[in-house]
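Subject: Structure handover and contact notes

Hello,

Here is the structure for your set-up work.

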Amino acid sequence: EFRQKTLDDFTAALRWKHFTIAASHMKPELREDFLSSFDEIRDIHIVDVRVTKQLPENEGRRLETTIEMDYYLLPSVSVKTFDFDQTWVYFDAEDQPLKGFLITTPFPKFP
């Protein structure tokens with residue numbers, strides 16, 4: 001299913017620190033802030049990223065998700081978990097440049 005593949009692509013991009021690819025899953029106006037939040041924490045090591053909740057709404061055209069990211073920041077080696085909620089919306093209007101499922105909520109401040 002297209003929706004699940006999009007979520008899997010986003011979580012895999014985060015897991016492998018491919019932040020530009022992860023940002024491509026966000027509405028364009030949110031991408032710069034997302035990328036800059038990871039520029040500030042270059043010593044992050046991401047252990048795992050998983051979707052823990054998916055609530056489809058509006059006949060599957062909107063999706064409320066909760067994502068957990070396990071990570072550690074050097075010099076610490078203690079693994080922490082960062083939970084955040086995201087809203088995904090499906091865009092497909094003929095006259096719109098945006099297509100597919102995109103994150104419409106700003107990325108939260110990293111703990």
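The notes below cover salt bridges, aromatic pairs, the nonpolar core, strand pairing and one threonine.

**Ground rules**

This is a predicted model, so local features need pLDDT of at least 70 and side-chain atom pairs count only at pLDDT 80 or more, while totals for chains, interfaces and linings use all residues. Residues are numbered from 1 along each chain as its sequence is written, and side-chain values use heavy atoms, with hydrogens and water left out.

Helices (H or I, at least four residues) and strands (E, at least two) are DSSP runs, numbered from the N terminus. Buried means under 20% relative accessible area, exposed means over 50%, and partly exposed lies in between (1.4 Å probe, protein chains only).

**Salt bridges**

Side chains of opposite charge can pair when their charged atoms come close. The cut-off here is a side-chain nitrogen of Lys or Arg within 4 Å of a carboxyl oxygen of Asp or Glu. The search of the whole structure gives nine salt bridges.

One of them joins Asp9 to Lys5, with the closest N and O atoms 3.0 Å apart. The two residues sit four residues apart in helix H1 (residues 2–15), so about one helical turn separates them. Asp9 is partly exposed at 32% relative accessibility. Lys5 is partly exposed too, at 48%.

Another bridge pairs Arg15 with Asp48, at 3.3 Å between the closest N and O atoms. This pair links distant parts of the chain: Arg15 is in helix H1, Asp48 is in strand E1 (residues 44–57), and they are 33 residues apart. Arg15 is partly exposed, with a relative accessible area of 24%. Asp48 is partly exposed, at 26%.

Arg50 bridges to Glu68, with 2.9 Å between the closest N and O atoms. Arg50 lies in strand E1 and Glu68 in strand E2 (residues 62–73), so the pair ties together parts 18 residues apart in sequence. Arg50 counts as partly exposed at 27%. Glu68 is buried at 19%. Through shared partners, salt bridges join Arg15, Asp48, Arg50, Glu68 and Asp70 into one network.

**Aromatic pairs**

Rings of Phe, Tyr and Trp (its six-membered ring) pair if their centres lie within 6.5 Å; planes under 30 degrees apart are stacked, over 60 edge-to-face, and the rest tilted. The whole structure holds nine such pairs.

Phe19 and Phe38 are stacked, at 4.1 Å centre to centre and 15° between the planes. They connect distant parts of the chain: Phe19 in helix H2 (residues 19–23) and Phe38 in helix H3 (residues 28–39), 19 residues apart. Both Phe19 and Phe38 are buried.

Tyr90 and Phe101 form a tilted pair, at 5.0 Å centre to centre and 55° between the planes. Tyr90 is in strand E3 (residues 80–91) and Phe101 in strand E4 (residues 100–103), so the pair ties together parts eleven residues apart in sequence. Tyr90 is partly exposed at 27%. Phe101 is buried at 8%.

Ring pairs also link Phe19, Phe34, Phe38, Phe82, Phe84 and Phe107 into a cluster.

**Nonpolar core**

A nonpolar core is a set of buried Ala, Val, Leu, Ile, Met, Phe, Trp, Tyr and Cys residues joined through side-chain atoms within 4.5 Å. The largest has 26 residues, and Leu14, Phe34, Phe38, Met69, Phe107 and Phe110 have the most contacts inside it. H1, H2, H3, E1, E2, E3 and E4 each supply at least two of its residues.

What does Phe110 touch, not counting residues up to four places away in sequence? Phe38, Ile41, Ile44, Met69, Tyr71 and Phe82. Contact means heavy atoms within 4.5 Å.

**Strand pairing**

Two strands pair if DSSP finds at least two bridges between them. E2 and E3 pair antiparallel over ten bridges. A hairpin of six residues joins E2 to E3. Leu63 has Trp88 of E3 as its bridge partner.

E3 and E4 also run antiparallel, joined by four bridges. Here Trp88 has Ile103 of E4 as its bridge partner.

**Thr87**

Thr87 is found in strand E3. It is buried, with a relative accessible area of 7%. A polar contact of 2.8 Å joins the side chains of Thr87 and Glu64. The term means a pair of N or O atoms within 3.5 Å; within protein, one must be able to donate a hydrogen and the other to accept it, and residues adjacent in sequence count only if both atoms are side-chain atoms. Leaving aside neighbours within four places in sequence, Thr87 contacts Arg62, Leu63, Glu64, Leu102, Ile103, Thr104 and Thr105.

Best regards
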